Amino acid sequence: MSVVVVTDSAAALPADLAARYGVTVVPMWLTVKGVPEPEGRRPLQELVVEPEVQTSAPTPGEWETAIKEAQSRGEVLVLTIASSMSATYQSALVAAQAVGGAVRVVDTATAGGAEALVVLAAAETAQRGAGLDEVEARARVVIERVRLVAMIPTLDHLVRSGRVPGIAGWAGRRLGINPLFEFRGGKVRRLRPALSQEAALDRIVGLVHRSRAEGARLHVAALHALAVDSANDLLARVSDGEHPTTAFVGEFGPVMVVHTGPGLAGLAWWWED
């Protein structure tokens with residue numbers, strides 16, 4: 001029996017890749033001026049100027065609908081944004097238990113392009129005819145290996161979300177530095193900041209190169225929030241000489257940008273033995 005991969009829109013999986021691998025994407029929710037709307041209804045440019053945007057997970061009912069549709073095509077593996085960032089995992093778990101049958105829910109412990117790389121690895125394995133056990137195992141391997149490192153103009157949004165201390169945001173503004181962070185294992189970790197955007201991008205590319213394992217194949221996603229030129233530059237730099245097996249640019253969705261702010265650019269990657 002075939003396996004269908006289902007994920008949430010926080011993965012920022014490009015629509016063409018979702019269609020190619022038959023991935024079902026369940027939208028996250030935004031509340032703008034007190035009015036709820038599914039993520040993706042309007043351009044990110046419109047949302048970053050709104051003074052207050054709140055985010056929420058898909059409801060269990062929405063997950064149920066998506067899971068039942070996917071079950072009409074096969075067994076189901078649901079891959080969600082990190083449970084440390086959202087109630088999405090718990091909501092999907094409630095839905096899966098209600099639906100029953102061959103469906104499993106896995107917390108990817110990441111988001112954005114890194115979550116997308118987990119989803120793609122699972123979907124590619126499913127497309128080769130693997131069963132649910134093998135597809136889930138593949139996803140878990142990538143979850144253990146995938147990294148996401150990005151630069152942002154300011155830590156203010158992460159400070160407001162409670163994911164970094166307020167003193168860090170204050171120091172960044174005073175010193176005029178370019179903050180760098182890594183999101184891995186469901187946690188945001190501040191990295192040593194760079195003194196310029198160019199230095200920040202160089203450091204991100206350097207991290208990818210230094211993490212290379214001999215003979216391994218690179219899977220990489222350049223991610224951004226209204227900074228597509230920086231993302232394209234990062235992808236071009238890291239692809240030079242590496243010849244990645246997977247390479248794409250993905251824009252952070254509004255749900256993620258609420259936490260990071262606009263101007264983010266970074267890379268998500270993992271090495272396959």
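Analyst: Happy to. Accessible areas here come from the Shrake-Rupley method with a 1.4 Å probe, and for residues only the protein chains shown count as cover. By that method the accessible surface of the protein comes to about 11,800 Å², with 51% of it belonging to carbon and sulfur atoms. This is a predicted model, in which local features need pLDDT of at least 70 and side-chain atom pairs count only at pLDDT 80 or more, while totals for chains, interfaces and linings use all residues. Residues are numbered from 1 along each chain as its sequence is written, and side-chain values use heavy atoms, leaving out hydrogens and water.

The protein has 11 helices and 13 strands, taken as DSSP runs numbered from the N terminus (helices H or I, at least four residues; strands E, at least two).

Now to the sheet. Four strands form an open sheet in the order S2-S1-S6-S7, with parallel pairing; two strands pair if DSSP finds at least two bridges between them. At the edges lie strand S2 (24-26) and strand S7 (103-107), each pairing on one side only. Neighbouring strands of this sheet are turned by 20 degrees against each other on average, direction ignored; the axes are lines fitted to C-alpha atoms, for helices over the stretch in contact, and angles run from 0 to 180 degrees between N-to-C directions.

Strand S6 (residues 75-80) pairs with S7 in the parallel sense over five bridges. Here Val 76 stands opposite Val 103 in S7. Helix H4 (residues 88-99) packs on the sheet, touching strand S1 (3-8), S6 and S7, where contact means heavy atoms within 4.5 Å. The direction of H4 makes about 170 degrees with that of S7.
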